[in-house]
Amino acid sequence: MKVGFIGIGTMGRPMTLNLLKAGHEVAVYARHPEKPGVQEVLGAGARLAPSPRELAAGVEVVITMVPTSQDVEQLVTGPDGILEGARQGLIIIDMSTIAPATSRRLAQLASERGVYFLDAPVSGGSQGAIAGTLAIMVGGERDIFERVRPLLEAMGKAERIFYVGPSGAGEVVKLVNNMLAGVIAAATAEALVLGVKAGADVELMASIISVSTGANWQLANQFPMRAFTGSFQPGFMTDLLQKDLNLALELGAQYQTPLPLTGLTRQLYEMARAQGYGREDYTALLKVLERLAGVAVRSRAVLNQEQAK
């Protein structure tokens, strides 16, 4: 298919590369085409479009992968935006995590122009984007979802691609998922700090928990490659998780659903942002808790290296 992609970042770059590998013809729009990630996808065979409008005019599907609801709205409805260049039958797939109400509004505006709009947020982090194994949850018209399934399967595993209902439904499921991810990661960080402070070896502790009732995805995947090594290169930035927790709390208020754990977790991540960890991985919350407890949660090898210095 002829595909346009907007949002060549930590997630969008490998997703675009996987579309190219699958044989799709890809054009991209980037505000900063000189960035290495954009140059990489251009080198892999993508072409550069000068604006969202011109991008939309030459493709069958436009995929957006950007940080906020406002970003998506600007790209779709703004001057020189996607709808300005869209022909009837164009399909927009927004893979960002944004407010469900924004997705519904954009789907309605697109429909009035003869354009289809799917909300299709993803889960799996940068590792899943690179491997092409993302989970994708899709809201919108079912027949349009089936039409673009080959594109989705280039970026995610077939068994992890879900049609979840009408416009906005994908975003609802994604926000619920990220609520859990944030709360579980915060609880895991707190537990690890206590264990290490009380004398437990962090790697042994993690191995035992992984086969016990406290097992979770964050402990199995995020903490070993980041926290235990002292490297917090973002798979998913603290700033972005905080944005999603805010969206979840707004959704809770809209539906009169109390979310006390989510509210507390948001405050913890706000502490991490206040200490300068906003652009680091969300597991960097561990550093806040380490500082409060006066202990370092690191693997034995890393601690030995630090002591040797």
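This is a predicted model: local features need pLDDT of at least 70, side-chain atom pairs count only at pLDDT 80 or more; totals for chains, interfaces and linings use all residues.

Reader: Which domains does the assignment give for the protein chain?

Author: The assignment divides the chain into domain 1 (2-165) and domain 2 (172-308). Their C-alpha centres lie 29 Å apart. The contact draws 15 residues from domain 1 and 16 residues from domain 2.

Reader: What area is buried between domain 1 and domain 2, and which residues of domain 1 lose the most area?

Author: About 1,200 Å² is buried between the two domains, with carbon and sulfur atoms giving 60% of that area. On the side of domain 1, Thr-97, Pro-100 and Gln-127 lose the most area to domain 2, and together they make up 37% of what that side buries.

Reader: How many salt bridges and how many residue pairs in polar contact are found between domain 1 and domain 2?

Author: The count of salt bridges between domain 1 and domain 2 is 0, whereas 6 residue pairs are in polar contact across the interface. At least two residues of the touching side of domain 1 come from each of helix H6 (100-112), strand E7 (122-123) and helix H7 (125-131). H7 provides the largest share, 3 residues. By class, that side of domain 1 has 8 nonpolar, 6 polar and 1 charged residues.

Reader: How many salt bridges does the rule count, and where do Arg-13 and Glu-40 lie?

Author: Side chains of opposite charge can pair when their charged atoms come close. The count here comes to 14 salt bridges. One of them joins the side chains of Arg-13 and Glu-40, at 3.2 Å from N to O. This pair links distant parts of the chain, with Arg-13 in helix H1 and Glu-40 in helix H2 (residues 36-43), 27 residues apart. Arg-13 is partly exposed at 22% relative accessible area, and Glu-40 is partly exposed at 38%.

Reader: Where do Glu-270 and Arg-273 lie?

Author: Both lie in helix H14, 3 residues apart, about one turn of the helix.

Reader: Is Arg-298 buried or exposed, and with which residue does it form a salt bridge?

Author: Arg-298 is buried, because its relative accessible area of 11% is under the 20% cut-off. Its salt-bridge partner is Glu-290, with the closest N and O atoms 2.8 Å apart. Glu-290 is buried as well, at 7%. Elsewhere, salt bridges that share partners join Arg-142, Glu-146, Arg-149 and Glu-153 into one network.

Reader: Which residue has a side chain in polar contact with that of Thr-64?

Author: The partner is Asp-94, at 2.7 Å. Thr-64 lies in strand E4 (residues 61-64) and is buried, with a relative accessible area of 0%. Beyond its sequence neighbours up to four places away, Thr-64 touches residues including Ile-6, Leu-75, Ile-82 and Met-95.

Reader: What phi do Asp-80 and Gln-256 have?

Author: Most residues other than glycine have a negative phi. Asp-80, not a glycine, has a positive phi of about 65 degrees. Asp-80 lies in the loop between helix H4 (69-77) and helix H5 (82-85), and counts as partly exposed at 37%. Gln-256, likewise not a glycine, has a positive phi of about 50 degrees. The loop between helix H13 (238-254) and helix H14 (260-274) holds Gln-256, which is exposed at 74%.

Notes. Residues are numbered from 1 along each chain as its sequence is written. Side-chain values use heavy atoms; hydrogens and water are left out. Domain bounds come from an automatic or database domain assignment. Contact means heavy atoms within 4.5 Å. Buried area is the accessible area (1.4 Å probe) that two parts lose on being put together, summed over both. A salt bridge is a side-chain nitrogen of Lys or Arg within 4 Å of a carboxyl oxygen of Asp or Glu. A polar contact is a pair of N or O atoms within 3.5 Å; within protein, one must be able to donate a hydrogen and the other to accept it, and residues adjacent in sequence count only if both atoms are side-chain atoms. Helices (H or I, at least four residues) and strands (E, at least two) are DSSP runs, numbered from the N terminus. Ala, Val, Leu, Ile, Met, Phe, Trp, Tyr, Cys and Pro count as nonpolar, Asp, Glu, Lys and Arg as charged, and the others, Gly among them, as polar. Buried means under 20% relative accessible area, exposed over 50%, partly exposed in between (1.4 Å probe, protein chains only).
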